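Trainee: Hey, I'm new to this one. Can you walk me through it?

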2 protein chains.
Amino acid sequence: MNKKIDTAPYKGVRDFYPKAMHLEKYLFSTMRTVAERFGYVEYSASPLEPAELYRAKSGEEIVNDQTYTFIDRGDREVTLRPEMTPTVARMVAGQKRELGFPLRWYSIPNLFRYENPQRGRLREHYQLNVDIFGVQGLEAEYEIISLASNLMTEFGATPTDFSILVNSRKVMNDLFQNLEVSSGNQHTLSKLIDKKAKVDSANFKASIEKVLGEKTECFIEALSSSKSLIDLLGPENENIKNLMNLLAMLSRGGLSNVVFSPTLMRGFDYYTEIVFEIFDTNPDNKRSLFGGGRYDNLTELFSSDMVPAVGFGMGDVTLADFLESHGLIPEYSSEVRLTLASVSEENMESVLALAQELRTSGVNVATDTSNRSVGDKIKNTLKLGIPFFVAVGEDEITNNIFKLKNLALSEERTVTKEELVKFV
Amino acid sequence: MNKKIDTAPYKGVRDFYPKAMHLEKYLFSTMRTVAERFGYVEYSASPLEPAELYRAKSGEEIVNDQTYTFIDRGDREVTLRPEMTPTVARMVAGQKRELGFPLRWYSIPNLFRYENPQRGRLREHYQLNVDIFGVQGLEAEYEIISLASNLMTEFGATPTDFSILVNSRKVMNDLFQNLEVSSGNQHTLSKLIDKKAKVDSANFKASIEKVLGEKTECFIEALSSSKSLIDLLGPENENIKNLMNLLAMLSRGGLSNVVFSPTLMRGFDYYTEIVFEIFDTNPDNKRSLFGGGRYDNLTELFSSDMVPAVGFGMGDVTLADFLESHGLIPEYSSEVRLTLASVSEENMESVLALAQELRTSGVNVATDTSNRSVGDKIKNTLKLGIPFFVAVGEDEITNNIFKLKNLALSEERTVTKEELVKFV
């Protein structure tokens, strides 16, 4: 008992004290409201998954170096899920015959990555995942992007606060084919494009040159704007046409901040065509907030049935940073509205009985029947963020007259029990 | 891509498909409502905790054999939390000066135990944890037990469906002292009493005899009823008096199903005095549903400050079993109220626009704009558990007249868009 244990949480994860938890609950409830409005229902799963779920599509290296993976005592290799998409594909494949399509699902799982914690990158974070299954047409992308945009505005962002960048993996493949890039080099170039924003243009050009040689100018020109890319591939290119159709639908649907961005790649290999990203337009903080896309092949890990899918993931840490930098974090207020304090030890039970009575009227009531002074009880109520306070003696109960303090406004008013329920 | 991956989840954990998730959400929201009514606010923490958090109070053996513990690449020993109480004690100790007392906190964490899955015992389950800190008096036990009882009735149980068993660790210590039991044997006897319900009385007696010899009769007699125990220790015993005061308070507070039960021990070693348990009185299913007690010493793991605490944990698996056996599980209904289906490919966008309009009126709307038949779209809507369905053509939109199908009742009524919002 002599050596004391540190009260810090495990490295890179968060403790949610009530104020932090209140913000998380606000984020989650807003996510739920918007997802359900678009017809999505919630599912969930354990953070423990068989490691093979990630090996197949992510490769040995990612599983070994970037995930928490260990062997259990039944010799099973277990991974703490680093992303939700393989899990949702597993669940959909598992009950494909029982489920109705189009299937709209969302979840808010915690995800684990084994990396060095830094701003916006923790070892555990929460991520809203929204996915629609069974829709081959563009209405799936239209809906998912509309929903993502709706989420941003529901959180208080205006359409000028963010851009919606859109691109097509198939268009990029056509560009590669047009320039006769070998498939090995396609992967290298994709990764270079994905990191373009992080290097200056001279360095970007130099690294492209190593792969493409004399085709470099043409490649960089094609990526420089959607117009250049369309000029190169021609407006009759099927994949360009599909992408332009989506942009037109989104525009008719009222989204004014959508941009065809040829350098948008998104990290995951499983995307098959349209990818998109919500991008913070704040000049001091230009960066990707979240994104997603179409992944039509993921259920083939589990069965020969293909289920078309479009979805995205929105992380809580990046979202909270965005809301904070835009002044959109709501103020904390406790779910508990009132402290009933006893004035002496003798009236403890009458305070407890009154609290119980108020609870049946729907008021969230805390009590303080300690032998501390009323002044100390007020201080503690303030520390707890509870807005109202009443000191209760036998007189108050007998006469049904209570002095209700509003601690935030330093106001006091005299009320009956019935009025108290209304005010609080 | 040839070898397919199994769609089953990891051994002993659950996938929450939307219907199962709907039940979990019902359990959690009822827990939140009742906890907040009593003045409790929600906190949370990561399931990853330093292993030393459990070693100190639970011992090497439990950490090694009954928890998921592994070494991370920074050579830290990490445990997936098997219970929440050490975490909440860590968090309270960590910000003791900033927090206001009495402090009322609740959380609904998932907990991990490495054991063979069986009915009611999974490798991962959720558990409501409710704890009050900083109250030395019996009003803490009174409140926590009242809250536990209120939870049961909020879920639809009647007071005859369950008993509230109460005992005192201090009374048990007095019994041991009265019989001059050595401290080593006290621990052995406690474990035997804890398992009493699982063995027949002859076996119980035999195992007690091995420890107590000629004192066995007296010991078993003392445990046979509260009256016998009070007779032995005397009604003036301070710890008996404290326990009887609590029983009297609970009785005055309207709880009719509280029983002083000398054989109630509860598993955790950290309880210091009052322990209690909610017990299913169903003759086919007599068993402990959940329980808790006072633990005044746990924050001393982290600092020399002692913080008195009373709390309990209520698991989701046992609770759902109880509700199911009492017919108290609510029926599933989807949060999504309506499917809007297109009748042809041409009117896809007008369906999407109408859906968006209804959403701004607060209706949760799914769309089906596939080229399947309307009959197939109705079947899928039924599979999804969505109660209402409208097939939308251009005529419907032009004339503002829609045929609204209530699929559960096989009813159809003709409504305008505005009436539709009201009905759904």
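**Around the axis**

Mentor: In chain B, Phe70(B) is the residue that comes closest to the rotation axis, at 3.6 Å (C-alpha). This is a predicted model, where local features need pLDDT of at least 70, side-chain atom pairs count only at pLDDT 80 or more, and totals for chains, interfaces and linings use all residues. Residues are numbered from 1 along each chain as its sequence is written, while chains are lettered from A and ligands numbered from 1 in the order in which they are written.

Trainee: What rotation superposes chain B on chain A?

Mentor: One of 180°, with 0.0 Å of shift along its axis and an RMSD of 0.1 Å. The two copies are thus related as by a two-fold rotation axis. That superposition is by least squares on the C-alpha atoms of residues with pLDDT of at least 70 in both.

Trainee: New topic: which residues touch the most other members of the largest nonpolar core?

Mentor: Leu340(A), Ile144(B) and Val166(B), in a core of 103 residues. Chain B's helix α5 (residues 139-154; a DSSP run of H or I, at least four residues) gives the most to this core, with eight residues. A nonpolar core joins buried Ala, Val, Leu, Ile, Met, Phe, Trp, Tyr and Cys residues through C-beta atoms within 7 Å, and buried means 20 or more other C-beta atoms within 10 Å of a residue's own, with C-beta atoms placed from the backbone.

Trainee: And which domains does the assignment give for chain A?

Mentor: Domain 1 (15-136 + 296-332) and domain 2 (338-423), with bounds from an automatic or database domain assignment. Their C-alpha centres lie 43 Å apart.

Technical notes. Buried ≥ 20, exposed ≤ 12 C-beta atoms within 10 Å, placed from the backbone. Helix = DSSP H or I, 4+ residues; strand = E, 2+ residues; numbered from the N terminus.
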